[in-house]
Amino acid sequence: MSVTKDEGIIICREVHKWYGDFHALQGISLTMQKGEVVVICGPSGSGKSTFIRTINRLEVHQRGQIIVDGVELTHDLRNIETVRREVGMVFQQFNLFPHLTVRQNITLAPVWVLKMKRAEADAVAMQLLERVGIPEQADKFPGQLSGGQQQRVVIARALAMKPKIMLFDEPTSALDPEMIKEVLDVMKELALSGMTMIVVTHEMGFAREVADRIIFFDFGQLIEENTPEEFFHNPQSERTKLFLSQILH
Amino acid sequence: MRADPPRDTSDQHVDESPPTHPGNSSGWAGGGKNGCAVSKELPPPTERIPVLRWLKQNLFSSWPNAILTLAATALIVAVVYGLGRWALTEARWEVIPANLKLLLVGTYPAGQLWRVWAILYFLGLLTGFAAGRRRGLVRRISLVACAASIALAVLPFPLVTRGWLLGCAGAIAAGYGLGQLAKLARERRWIRRVETTLWILSFPVSLIVLNGVGGFLPVIAGRNQWGFMLNLLGAVVGIGLSLPLGVLLALGRRSKLPAIRIVCTAYIELIRGVPLISLLFMASIMLQLLLPDSFRPDLVIRAMLTITLFSAAYMAENVRGGLQAIPKGQYEAAYAVGLNGALTMILIILPQALRAVIPAIVGQFIALFKDTTLFGFIAILELLNISRSVLGNLEWRGRIFELYVFIGVVFWLLCYSMSYVSRRIEKSLGVGER
């Protein structure tokens, strides 16, 4: 497979996925450049979460090609592990490790996967906690934090692996309204720092502000792909228009 | 939550201003902000019920209740009185101290008993050392062990035994002192390593010291006649091996590879469907027929392996229960940060799964410990079986109740300790529970 990194840091070609008979992804193609921020929106069940989960192979695609930073995702475990080291992920349900403290949550992967020295990993963890604004929570357990704080720890945990790409799967959907902003602020800062990001979200304000491109999904298909300006003011497809009319009041 | 900024006094003024709702004196006028005017909050109601009224309400509320109360009281009094009278006047407790050595270590030669004490001292030293370095549970355990050996030393045992017992307390105290000293050391890492190594080595070393090795320590014959020591050894071997084996079986049963899954499932279901006693009989009699002489392990070892393999099947199901309680998101999060399958299991899934089933696991440990008395049925003189040989002695004929009470107390003390320790561990691990 001759794939040069210049073509894009993420290359998806005609990605298909079925759950049983249900055709969840119907030929998605997407190319992303380094430093790009792409927001994916669409009604629930449209396949947007499934799609970003194929990018670090939490879901297996059955047809098509996914190449992340020059590494193609196949059944080869080494490739999968390489890609997962380079791709950080933030989940809707946080998925922090409840038996470990915040600091241990963050240092676990650097110590065990990157073989980082514990002292160094601790220093990195503290830097990241400063960055997401909760250094004072380092020695608490996840269960003792609010949802917004937990989600910021998840972001710090992903960043500790120094990923080249960050995936966000509805990061604010499980949060109380007053905590959404603190998470979005961290994500904005991350986007401005040049991180390559794919964000599945319904936060259209965030999309308008930081996205380079917005992608609209429906029925497992990529319906529309546009700049935020065009997407909001001049949507091409009828379905996009309908969707926008329902979520923008 | 973020820490609240220091509250200025203006809020207090709000509290003191006339309440917006007449009659609202609870100081809620601060309006939804937390931490407001704690002193003015209404305390929870404390109701003190006089004894007589409590009795009337709970024990004599109606005629049938009153009759039941009286009948139950009479029964309790009769049983306690009967037991008390027997224990204090009729029972001849001398049977216990007179046969204590036989009950606890069986036919282990008196001249070699120092080996048993040496092992106890070594373990005492290690426990004391751990207690010196850490706080909490281990400190409490060593305190109790220390107090227990001093208390036992007060009892009318032979002078030598009392000396040994005091030595036990001394060993724990010495270990504690060393542990405290170790805290001062600058390089603590190798201390921890040495400590862990010693704990791991303590078990095989104990076995070798007890049994003897050719050339250094005389090998002791009659390994199947060591009394209570066999129950303890059986329990330690069983507990130590059945948990890891059970974890492997549980993982095997959930494996994606059909061959592994089928073998593990078959093993678990087969073993769980057969009574332990029949497995022990098989180990004692059938193996003898099947295996050549040179290939046949000692009876005691066969019994211990049997109980381990038996317990592992139950352990596997306990562990599987814990594994099923872990949400899929934990696996996904672990994979997403780059952990491979093995690390995910060891670092993320198993710690949570095992913690969730500590009560079931400890229950299995306790059952295993008590099941070691079944060794008696295959001609192993463990505590229960060897107590029968005491009855064979004319002097102690018919002293069966004293012996069984003693055996019951010994087992209860140890089982209760296990259960207590497990509760403490659960509590100390429960900190970050979601």
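**View 1. A charge over a ring at A:Phe232 in the predicted model**. The charged end of A:Arg208 is placed over the ring of A:Phe232, 4.4 Å from the ring centre. A:Phe232 has 10% relative accessibility and therefore counts as buried, since buried means under 20%.

**View 2. The aromatic pair A:Phe231 and A:Phe232**. Over all chains, the count of aromatic pairs comes to 13. In the pair of A:Phe231 and A:Phe232, the ring centres are 5.4 Å apart and the planes stand at 90°, so the pair is edge-to-face; the cut-off for this label is over 60 degrees. A:Phe231 has a relative accessibility of 0%, so A:Phe231 counts as buried.

**View 3. The aromatic pair B:Trp412 and B:Tyr416**. These two rings are stacked, with 5.1 Å from centre to centre and 15° between the planes. Both residues belong to helix H17 of chain B, which covers residues 400-429. Because B:Trp412 and B:Tyr416 are four residues apart in this helix, about one helical turn separates them. B:Trp412 counts as exposed, at 52% relative accessibility, while B:Tyr416, at 37%, counts as partly exposed.

**View 4. An aromatic cluster in chain B**. One aromatic cluster is formed by B:Trp86, B:Trp93 and B:Phe401.

**View 5. A:Arg157 over the face of A:Phe97**. What lies over the face of A:Phe97? It is A:Arg157, at 4.5 Å from the centre of the ring.

Terms used: Residues are numbered from 1 along each chain as its sequence is written. Chains are lettered from A and ligands numbered from 1 in the order in which they are written. This is a predicted model: local features need pLDDT of at least 70, side-chain atom pairs count only at pLDDT 80 or more; totals for chains, interfaces and linings use all residues. Side-chain values use heavy atoms; hydrogens and water are left out. Rings of Phe, Tyr and Trp (its six-membered ring) pair if their centres lie within 6.5 Å; planes under 30 degrees apart count as stacked, over 60 as edge-to-face and the rest as tilted. Buried means under 20% relative accessible area, exposed over 50%, partly exposed in between (1.4 Å probe, protein chains only). Helices (H or I, at least four residues) and strands (E, at least two) are DSSP runs, numbered from the N terminus. A charge sits over a ring if NZ of Lys or CZ of Arg is within 6 Å of the ring centre and within 35 degrees of the ring normal.
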